[in-house]
Amino acid sequence: MDAAEVRGSEARADYVKVAQFMQRREPAGYAAVRLLTPAHFQPHVLAGYAFASFTDDLCDQGTVPERIRRFDAWAGQIRAALDSGTARHPLLRAFLYTSSLRDLPRHWIESYLEGARIDLDFPGFATEADYQAYVDRLTWPFLMITTGLAQQGGGSPEFAQSCRLIADAGQRTDILTDLAEDLRDGRLYLPLDALADHGVDRADLVAGRDVPGVRALLSEAADKAHGTLREATRLMDELPEEYGPLMRFVLDLHHQRLKTVVSMGSAVTRRPARDNPLTCLRLLAKARRPHDAAAGRKGRPPVNLPM
């Protein structure tokens, strides 16, 4: 916290609560931040993820009316805190501190809050264009209030566009790894036009049918995510090398998750794709090894890509 310029006993206590929250909710992500990012960035990226994750959890729990009431109350607290500079909730106070130190533009926070409302009663996507609008409204702002903190003031427009590529690739990957759980909850994040292209309907996915159309649909979706991840490696050219290990891990882990999805085939509609702990440790170790900047920062993806 010294390196991150976190001053004062209350602020430090808030960041301790941030760390505890992230250790419980995302132990692998917490370990990656602690092992792979510079000390001055760790409290801030954890504060961003804790704030966004806490907000996301409010959108996922309870009935739709309960979610709306809970989210609206929380959004009101956030906007009041942004106006006043003070907050009662420790995760929100830490995020306020971080967003002030990092000069995070408020519009990314407002955009995230507006986008999060979509998930309160998710309608699904009719087309790829609907999916892309979702990324613009929710996933991209999420990236900017977390990973985007690496650049003071939100960085350049080019940096923000690279973050959008990461957001798109990560969202595509999550849709596939969580497909079984989402279907059980009555949600489908794959665009309906993609299903129609392969002669598949929602009932095929809900029933977990192992048919050629389902396998082709999932393989095509994974290919799109791989391609977006490869394009997103341009972010490596826009960050100081000290952030390289975490980004390599993120890219590699997502590629690995997509490989798992493809290997599971239609089974991914019946059970979620989960990370192998030993594979995660291998990728962490790989990310920490000295990296050939000339090979890794010219738009070429790392070897055996995976996050």
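How many helices and strands are there in the protein? The protein has 15 helices and zero strands, where helices (H or I, at least four residues) and strands (E, at least two) are DSSP runs numbered from the N terminus. This is a predicted model, in which local features need pLDDT of at least 70 and side-chain atom pairs count only at pLDDT 80 or more, while totals for chains, interfaces and linings use all residues. Residues are numbered from 1 along each chain as its sequence is written, and side-chain values use heavy atoms, with hydrogens and water left out.

**Figure 1. Overall dimensions and burial of the protein.** The C-alpha atoms fill a box of roughly 60 × 50 × 35 Å along the principal axes. The radius of gyration of the protein is 19 Å, which agrees with the value near 19 Å for a compact globule of 307 residues; this radius is taken over C-alpha atoms, and the globule rule is 2.2 Å times the number of residues to the power 0.38. Of the 307 residues, 51% count as buried (buried means under 20% relative accessible area, exposed over 50%, and partly exposed in between, with a 1.4 Å probe and protein chains only). The protein exposes about 13,700 Å², of which carbon and sulfur atoms supply 53%; accessible areas come from the Shrake-Rupley method with a 1.4 Å probe, and for residues only the protein chains shown count as cover. Among contacts between residues at least 6 apart in sequence, 73% join residues at least 24 apart, contact meaning heavy atoms within 4.5 Å.

**Figure 2. Packing of helix α13 with helix α14.** Helix α13 (residues 244-264) and helix α14 (residues 277-288) pack at an angle of about 145°, with their axes 9 Å apart. The axes are lines fitted to C-alpha atoms, for helices over the stretch in contact, and angles run from 0 to 180 degrees between N-to-C directions. On the α13 side, the contact is made by Pro 245, Arg 248, Phe 249, Asp 252, Leu 253 and Gln 256; α14 contributes Thr 279, Cys 280, Arg 282, Leu 283, Leu 284, Lys 286 and Ala 287. By class, this contact has seven nonpolar, two polar and four charged residues (Ala, Val, Leu, Ile, Met, Phe, Trp, Tyr, Cys and Pro count as nonpolar, Asp, Glu, Lys and Arg as charged, and the others, Gly among them, as polar).

Figure 3. Leaving aside neighbours within four places in sequence, Thr 173 is in contact with Ala 225, His 254, Arg 257 and Leu 258. Thr 173 and His 254 are 81 residues apart in sequence, yet 6.7 Å apart in space, C-alpha to C-alpha.

**Figure 4. Positive phi at Glu 5 and Asp 103.** Glu 5, in the segment before α1, has a positive phi of about 65° although it is not a glycine. At 46% relative accessibility, Glu 5 counts as partly exposed. Asp 103 lies in the loop between α5 (90-101) and α6 (106-116). Although not a glycine, Asp 103 has a positive phi of about 55°, and at 45% relative accessibility it counts as partly exposed.

**Figure 5. Leu 192 in helix α10.** Leu 192 is found in helix α10 (residues 192-197) and is partly exposed, with a relative accessible area of 45%. Not counting residues up to four places away in sequence, Leu 192 touches Phe 125 and Ala 126.
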